[in-house]
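Take a look at the chain below. This short report walks through its helices and its aromatic rings.

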Amino acid sequence: MNDPTQTAPLTSAELDQLDAFLASLPAGAMNVEMLDGFFCALHCTPDLVGPAVWLPLVWGETADAEASFEDEGQARTIVGLVTRHWSAVAEELVRTDASDTPRVPRLSADAQGRVAGNAWATGFTRGMQVSPEGWQEVLGDDEAGEVLVPMMMLHHEHDPDAALRPPPFDDAVRSEVIEAMVMGAAQLYRHFAPARRAASRADRQALTFRREGIKPGRNDPCACGSGKKFKACCGRN
């Protein structure tokens with residue numbers, strides 16, 4: 001039986017603890033809001049991406065920078081929080097999809113209580129870049145790709161390249177864009193559901209034992225070379 005504590009959403013205190021650690025890392029590390037969008041994108045697509053791939057991206061590791069922990073205890077705690085959030089996002093997406101209710105993302109507010117949504121959109125975009133092949137179907141379809149427009153608007157809002165920035169918009173429009181982004185993530189999760197199911201079946205089939213050759217009869221000589229009949233040798237097991 002699965003331990004429900006392993007997929008329980010992080011508490012506010014745990015989110016703050018994780019955010020503080022991520023903020024202590026060199027530039028390039030994600031924050032909790034970005035992490036939430038990143039995990040959401042990875043869980044949408046059928047491609048199975050393990051922690052060996054996505055965890056270094058969370059830390060923002062490069063050739064000369066990596067996550068630095070004070071001790072083994074802190075490492076276990078922080079990695080545990082990250083992996084628990086990974087599992088919680090997956091559980092929430094399944095649950096909210098079944099109820100036809102969009103998942104509520106973890107969006108941070110500034111000192112004035114303003115929610116920008118840029119970090120979540122950037123995290124989602126980074127998640128798409130981990131396995132871009134899986135997103136080609138959506139990116140190549142103008143109608144399906146419309147659901148990504150809110151993510152792209154917020155991701156590129158402060159882009160150094162002015163040509164990629166959307167036209168300026170006020171807080172009222174921002175609220176609409178964020179709402180569309182939340183709805184879009186739910187639509188994308190639903191869109192990829194058949195491909196995820198097919199990938200899951202393929203994985204199970206790959207793990208299923210298949211006998212090669214003809215099964216020996218009980219009175220045939222055992223293939224192990226013992227000289228005994230199969231039923232009195234390996235066939236006994």
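Does Phe38 count as buried or exposed? At 0% relative accessibility, Phe38 counts as buried (buried is under 20% relative accessible area, exposed over 50%, partly exposed in between, with a 1.4 Å probe and protein chains only).

## Ground rules

This is a predicted model, where local features need pLDDT of at least 70, side-chain atom pairs count only at pLDDT 80 or more, and totals for chains, interfaces and linings use all residues. Residues are numbered from 1 along each chain as its sequence is written, and side-chain values use heavy atoms, with hydrogens and water left out.

## The chain

The chain has 10 helices and zero strands (DSSP runs numbered from the N terminus: helices are H or I, at least four residues; strands are E, at least two). Buried residues make up 38% of its 237 residues.

## Aromatic rings

The structure holds 10 aromatic pairs (rings of Phe, Tyr and Trp, its six-membered ring, with centres within 6.5 Å; planes under 30 degrees apart are stacked, over 60 edge-to-face, the rest tilted). In one of them, the ring centres of Phe21 and Trp59 are 5.9 Å apart and the planes stand at 85 degrees, so this pair is edge-to-face. Phe21 sits in helix α1 and Trp59 in helix α3, so the pair ties together parts 38 residues apart in sequence. Phe21 is buried at 5% relative accessible area. Trp59 is buried too, at 6%.

The rings of Phe38 and Phe39 have centres 6.0 Å apart and planes at 35 degrees, so that pair is tilted. Phe39 is buried, at 0% relative accessibility. Ring pairs join Phe38, Phe39, Trp54 and Trp86 into a cluster.
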